[in-house]
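Welcome! Have the picture ready and follow along heading by heading.

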Amino acid sequence: MSMKKIITLCLLFFVLSIAYNNSFASSEVGGKQETSLNEKVGTKNLSGVNLWIVELYNNDRFMYAVVVVLVMAALGSIMAFGTDLVLKHFGINVSRISHSE
Amino acid sequence: MDLFNISLPVAGIEFNVLLLILIGFCVGVLGGFFGVGGGWIVTPALNIFGFHMAFAIGTDLSNIFGQTIGAVKKHQKMGNIDWKLGIISILTSVIGLEIGSEVIIAMEKAGDVGVIVRWCYMLLLACLGAYMLYDYFVIQSRQLNETDLDGNNSENKKNGRTKISEKLHRINIPPMISFPASGIDSVSVWIIFLIFLITGFLSGFLGVGGGFIIMPALIYLIGLPTTVAVGTSLITVLFSGAYGCFTYALKGRVELVAAFIMLLGASIGAQIGSTAVKYVKGYGIRLLFAIMIIFAGCSVGFEQIYKIFQIKFYQTFAEIVLMGTAIFMTFMIIARLLLESRKEKTLKNKSE
């Protein structure tokens, strides 16, 4: 149930983000401002994952943003699951608690 | 230590991996325990150690998003989240936030707004911290000593509600709404809207995530039990973290490698912090939170002195106070978790 709610929140956030992105892009149609969106990072001496990240950053900023969000969400969930297992192993487990002060 | 330095390709700097994990871990513990994002610790920390401010904010927001997912899940398991109230808080805070940021923009036209914001920030932290300490040492201890005719402690001992929240609950302006998950039978929707409008306004005006404003508001104004306030506050933190992560990444201001490494420490910390809530009583959380925000207020005060007199020492001292408080609090929370869990284990073994 909790994961469903988290997914709903994530979807809500994505809709808002896309709306925000569109308004952001349309406000720049006049081409007056060269914002930081156009900045490029050098790929010299880079290889492997670092090169892939920088190429994504340089070529498709929207995909870069999507990758950042997905990576953070996935890593956060995996690490939480792993840490939970370790804590359980040491006898530190949680269940519903009483809310008295 | 150079051995642990790695190259961060997007930010174009070298950074120590251990330092990133340590910063992440501390803020994860504090975030999970207090229901805050902890941006006020991470952003200056990354900035001090060489991150450009925009990268520090963007990377921090990404880390907050990742660490809060696990913390929310754990608090949900403990029954500490009121989803209905959390979602209302997000929707209403957004309006307040917009008003707050509009006020800032209007004030900017008149002159340097930074000084005013810092004074307000310092004042808010000082007042909030002082009130929380006063509540802990004076009001609650008085209430705990009060007994009714049957010799039982007052109801306030059980729910920890303040007189302010009780008064707000009595205001009968329809429509009324109930929050069963928080133990609130009936409260005016307008009161809830007004409270979140104000917390949202403060977030927008001060330029902060808002966890440290919403958490006390949930306890002292709406009357939530401390643990539920911590969990519910994390809903707002999760949402603002996700939104900030995406928009900052879109502007190219998130260093993915740094955020990834920091999250390794932060998500472990967030699990530990969230679990510690099980072992520390509501008033204990309030006390630690009060101490932390008072020190944070002192740090802002030293920063203000630096801005006025341009004496570098005060800026360094402000950073030391902030980092020192974060590390000390992390240590306190972990120590408490270990002690209490060991006690619980011993009791369990004895009963078997």
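## The nonpolar cores

In this predicted model, the largest nonpolar core has 63 residues, and B:Phe33, B:Phe34, B:Ile222 and B:Phe289 touch the most other members. A nonpolar core here is a set of buried Ala, Val, Leu, Ile, Met, Phe, Trp, Tyr and Cys residues joined through side-chain atoms within 4.5 Å. Buried means under 20% relative accessible area, exposed means over 50%, and partly exposed lies in between (1.4 Å probe, protein chains only). Helix H9 of chain B, residues 211-222, gives the most to this core, with 9 residues. Helices (H or I, at least four residues) and strands (E, at least two) are DSSP runs, numbered from the N terminus.

Which residues does B:Phe34 touch, leaving out those up to four places away in sequence? They are B:Met215, B:Val230, B:Ile285, B:Leu288, B:Phe289, B:Met292 and B:Ile333, where contact means heavy atoms within 4.5 Å.

## Salt bridges

How many salt bridges are there over all chains? The count comes to 6, a salt bridge being a side-chain nitrogen of Lys or Arg within 4 Å of a carboxyl oxygen of Asp or Glu. One of them joins B:Asp135 and B:Arg286, whose closest N and O atoms are 3.3 Å apart. B:Asp135 sits in helix H5 of chain B and B:Arg286 in helix H12 of chain B, so this pair ties together parts 151 residues apart in sequence. Both B:Asp135 and B:Arg286 are buried.

Now look at helix H13 of chain B, where B:Glu340 and B:Arg336 lie 4 residues apart, about one turn of the helix. Their side chains meet in a salt bridge at 3.6 Å, N to O. B:Glu340 is buried, with a relative accessible area of 19%, while B:Arg336 is partly exposed at 35%. B:Glu340 also forms a salt bridge with B:Lys343, with the closest N and O atoms 3.7 Å apart. B:Lys343 and B:Glu340 are 3 residues apart in helix H13 of chain B, so about one helical turn separates them. Elsewhere, a network of salt bridges links A:Asp84, B:Lys74 and B:Lys77.

## A nonpolar patch on the surface

Next, turn to the outside. B:Val115, B:Ile116, B:Trp119, B:Ile308, B:Phe309, B:Ile311, B:Phe313, B:Phe317 and B:Ile320 form a nonpolar patch on the surface, with about 860 Å² of accessible area together. Patch residues have over 30% relative accessible area and no salt bridge; nonpolar side chains (Val, Leu, Ile, Met, Phe, Trp, Tyr) are joined within 5 Å, and like charges within 9 Å. Accessible areas come from the Shrake-Rupley method with a 1.4 Å probe; for residues, only the protein chains shown count as cover.

Helices H5 (114-145), H12 (282-309) and H13 (312-351) of chain B each supply at least two residues of the patch. B:Ile311 is found in the loop between H12 and H13 of chain B, and B:Ile311 is partly exposed, with a relative accessible area of 38%.

## Chain A and reading notes

Chain A has 3 helices and 0 strands. Of its 101 residues, 34% are buried.

Residues are numbered from 1 along each chain as its sequence is written, and chains are lettered from A and ligands numbered from 1 in the order in which they are written. Local features need pLDDT of at least 70, side-chain atom pairs count only at pLDDT 80 or more, and totals for chains, interfaces and linings use all residues, while side-chain values use heavy atoms, leaving out hydrogens and water.
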